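Please open the model in your viewer and keep the selection panel at hand. The tour makes two stops.

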Amino acid sequence: MGPRLRAARERRGATLTGVSRATGISPSTLSRIETGRRKPTLEVLLQLAKEYEISLDELAGTTPVTAAKPRASAPQRSGDDKAVLPLTRYVGGLHAHKHVLPAIDTPPTRPRQVSHDGYEWLCVLYGRLWLALGDQDLILTAGDTAEFDTRTAHGVANAGPGEPVEYLIMFGPQGERLRSRTTRPTVGVSVSGRTPDSRPKGTTP
């Protein structure tokens with residue numbers, strides 16, 4: 001309980017003194033609770049849960065703490081101005097993210113490719129996404145999906161121009177894959193989308 005309370009406070013950027021002023025609980029009491037030297041009463045927990053804007057279940061550890069607050073799920077910006085919204089905790093297993101690529105005004109160049117261990121499933125929600133997968137070039141639009149071993153060189157870019165692209169990613173760092181309960185599991189690389197012939201005019205193959 002103590003470490004979760006401290007983590008909740010630190011996520012909000014609050015100090016013990018600040019929390020004490022807001023709740024009326026002394027800083028020394030708060031410190032002892034966070035270090036496990038004192039067990040909080042239900043009244044104290046209710047006050048802290050209200051102050052940190054999280055539920056008692058989250059403080060008790062029965063639900064993921066990171067699912068609670070906008071601060072934990074606020075979009076992160078990468079160097080290319082891509083917004084990444086984490087949808088799951090970063091503790092092993094499958095990771096889920098929503099990515100948004102900003103609109104562009106000029107024809108895109110072929111995406112820079114990377115490769116690493118893992119397996120990825122991708123689904124486009126809005127716009128046109130250029131997926132460079134090995135020596136393949138595909139244009140995916142809303143509803144199109146792709147899944148592939150990330151040891152294959154891959155990269156994405158807004159196929160634009162004129163509108164942003166939104167897409168979901170499920171990534172298994174140890175090669176975990178999505179399991180379908182209605183159809184047989186796919187094997188190897190599976191891509192659903194446009195052919196290279198549908199690339200925007202002026203793009204590099």
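What follows is a walk through a predicted model, from a pocket to a pair of helices.

**Stop one: the largest pocket**

Start by selecting Lys 82, His 99, Gly 155, Val 156 and Tyr 167. Of the 20 residues that line the largest pocket, these are the closest to its centre. The volume of this pocket is about 520 Å³.

Next, colour four strands: strand 3 (95-101), strand 4 (119-126), strand 8 (154-158) and strand 9 (165-172). Each of them supplies at least two residues of the lining. Which strand gives the largest share of the lining? Strand 8 does, with 5 residues.

Now colour the lining of the largest pocket by residue class. There are 10 nonpolar, 6 polar and 4 charged residues in it.

**Stop two: helix 1 and helix 4**

Helix 1 makes the contact through Leu 5, Ala 8 and Arg 9, and helix 4 through Leu 45, Leu 48 and Tyr 52. Colour this contact by class as well: 5 of its residues are nonpolar, none is polar and 1 is charged.

Note on methods
Residues are numbered from 1 along each chain as its sequence is written. This is a predicted model: local features need pLDDT of at least 70, side-chain atom pairs count only at pLDDT 80 or more; totals for chains, interfaces and linings use all residues. Side-chain values use heavy atoms; hydrogens and water are left out. On a 1 Å grid over the protein atoms alone, a cavity is a set of points where a 1.4 Å probe fits but cannot get out, and a pocket is an open set with protein on both sides within 12 Å along at least five of seven lines; lining residues have an atom within 4 Å of a point. Grid points are joined across faces, edges and corners, and a volume is the space filled by probe spheres set on the points. Ala, Val, Leu, Ile, Met, Phe, Trp, Tyr, Cys and Pro count as nonpolar, Asp, Glu, Lys and Arg as charged, and the others, Gly among them, as polar. Contact means heavy atoms within 4.5 Å.
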